[in-house]
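The tour below makes a few stops, one after another.

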Amino acid sequence: MNTSQSMTVARRLSLGFGLIIVILIVMVVVTLLGVSSINQQLYEITQVNAQEGRLANKMNSQMQEMRIQYRQLVLENDPAKKKEIVSNLAVTREKFLKAEEELKVLFQKYSGMLSPGEREYLNQIGGAQAVAFAGIDKVIALDAQDKEAEALKEISSGITNAVNKILSD
């Protein structure tokens with residue numbers, strides 16, 4: 001006699017339903033692990049990548065604002081307004097540097113999750129930012145010496161290229 005034939009109907013039904021319950025439990029465990037993985041990825045997207053994007057956009061916005069301000073400085077003739085523009089430029093620079101520092105801290109916090117491209121991006125910002133800020137300082141100094149033509153030349157050559165490098169990355 002076959003083993004399945006020697007079992008009673010009740011035993012066969014119990015084993016069948018038991019097997020279905022075991023399969024169901026395995027499926028629940030696999031599903032929970034999948035949901036946990038999705039939750040981790042969602043956290044990374046919303047908390048890490050979105051924050052990186054917000055800080056990069058903030059830096060971009062501040063760089064654009066500095067771009068407008070240093071051009072206004074050279075074009076302005078009123079000394080009081082020039083002084084105000086220089087003051088605004090310093091505030092905007094501080095906002096940029098603060099956003100850059102926050103981005104660096106975020107990159108350090110999640111250094112294990114960073115791609116090589118993100119690391120390179122931060123290095124490029126630092127290099128281009130130093131050139132751009134040195135150029136902006138030079139424009140401010142040239143404008144203070146009433147050398148608008150040289151300041152415009154500096155804007156059209158060095159600063160624009162450095163700022164564009166920051167904005168394009």
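Start in a loop. Select D146, which sits between α4 (116-144) and α5 (148-168); helices here are DSSP runs of H or I with at least four residues, numbered from the N terminus. D146 is not a glycine, yet its phi is positive, about 60 degrees. The residue is exposed, at 60% relative accessible area. Exposed means over 50%, buried under 20%, and partly exposed in between (1.4 Å probe, protein chains only).

A note before moving on. This is a predicted model, where local features need pLDDT of at least 70, side-chain atom pairs count only at pLDDT 80 or more, and totals for chains, interfaces and linings use all residues. Residues are numbered from 1 along each chain as its sequence is written, and side-chain values use heavy atoms, without hydrogens and water.

Next, select T92 in helix α3 (residues 79-109). Is T92 buried or exposed? It is buried, at 5% relative accessibility. Now show what surrounds T92. Beyond its neighbours within four places in sequence, T92 is in contact with Q62, E65, M66 and Q69; contact means heavy atoms within 4.5 Å. Zoom in on Q69: its side chain makes a polar contact with the side chain of T92, at 3.2 Å. A polar contact is a pair of N or O atoms within 3.5 Å; within protein, one must be able to donate a hydrogen and the other to accept it, and residues adjacent in sequence count only if both atoms are side-chain atoms.

Last stop: F17, in helix α2 (residues 9-75). F17 is exposed, with a relative accessible area of 52%.

How values were computed: Helices (H or I, at least four residues) and strands (E, at least two) are DSSP runs, numbered from the N terminus.
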